[in-house]
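Subject: Structure handover

Hi,

Here is the structure I promised you. Please open it first, then read my notes below.

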Amino acid sequence: MKKLLVLLILVALIVVGGAKLWMWYSLDRKIDEYIHMSGQRDRISYESAVVRFNGEIGVEGVIFQTPNEFIETVNIDEVVITFSDFISLVKFQSDLDKGIIPDQLTLQIRGLEVVPDYNRLDSITERTPGQEELKAYISSWDMLGCRDTFNTGLDDIRMMGYPTFKYDLEIGYQYSRNK
């Protein structure tokens, strides 16, 4: 009896582990396919695909080499789509083929980092007349948003200690079906 219980537990672990491995492999191939289809294969890279038992799939370590001369790269720590549970994740494609959307879905972009090239940006920004006089009037408290600020330039942004801009974004929905 004890051997049968151990065998059942072992089989269950192999099935669950195999399902997760299959999902990870499928996701990794899909991401590669989308990058290839976009025609930006040499500009987009990522570290790894992620599948978690809590119903999350995603990609980690995304790097975009932008064609924009003022922002060379955009880095993203992690892009994650979260389902209500692991079963919803597993059934997602078959449900979608039947026209059924998930009851709950969340998209999270964590660590979206933009590093502007301030030297190139400085070359195109023009100084407005009277800006130096205005800077003498504006104190460091103004830069913290404690008073009216009329103009914030690149030098002001650097002075405030923002060499990069890093964002987190989360959007989602919950859907209730009429039964």
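Start with I171. I171 is partly exposed, because its relative accessible area is 49%. Buried means under 20% relative accessible area, exposed means over 50%, and partly exposed lies in between (1.4 Å probe, protein chains only). The areas come from the Shrake-Rupley method with a 1.4 Å probe, and for residues only the protein chains shown count as cover. I171 sits in strand β6, residues 165–174. Helices (H or I, at least four residues) and strands (E, at least two) are DSSP runs, numbered from the N terminus.

What does I171 touch, leaving out residues up to four places away in sequence? The answer is L105, T106 and L107. Contact means heavy atoms within 4.5 Å. I171 and L105 are 66 residues apart along the chain, yet their C-alpha atoms are separated by 8.6 Å.

Two notes on the model. It is predicted, so local features need pLDDT of at least 70 and side-chain atom pairs count only at pLDDT 80 or more, while totals for chains, interfaces and linings use all residues. Residues are numbered from 1 along each chain as its sequence is written, and side-chain values use heavy atoms, with hydrogens and water left out.

Now the whole protein. It has six helices and six strands. Along the sequence they follow the pattern α-β-β-β-β-α-β-α-α-α-α-β. Of its 179 residues, 26% count as buried. The protein exposes about 13,000 Å², and carbon and sulfur atoms supply 60% of that. Take the contacts with a separation of 6 or more: residues 24 or more positions apart account for 61% of them.

Next, α1, which covers residues 2–38. Which residues of α1 are buried? They are M23, L27, D28, I31 and I35. Their cover includes β1, β2, β3 and α2. After α1 comes G39, with a positive phi near 75°.

α2 spans 86–97. Its buried residues are F86, L89 and D95. What covers them includes α1, β2, β3 and β4. G99 follows α2, and its phi is positive, near 85°.

Then look at the largest pocket. Its volume is about 880 Å³. Of the 27 residues that line it, L27, K30, I31, Y34 and I57 are the closest to its centre. A pocket is an open set of points on a 1 Å grid over the protein atoms alone, where a 1.4 Å probe fits, with protein on both sides within 12 Å along at least five of seven lines; lining residues have an atom within 4 Å of a point. Which helix gives the largest share of the lining? α1 does, with eight residues. By class, the lining has 22 nonpolar, four polar and one charged residues. Ala, Val, Leu, Ile, Met, Phe, Trp, Tyr, Cys and Pro count as nonpolar, Asp, Glu, Lys and Arg as charged, and the others, Gly among them, as polar.

Last, E72, in strand β4. E72 is partly exposed, with a relative accessible area of 42%. E72 and D117 are 45 residues apart in sequence and 7.3 Å apart in space, C-alpha to C-alpha.

Best wishes

Methods: Points joined across faces, edges and corners; volume = space filled by probe spheres on them.
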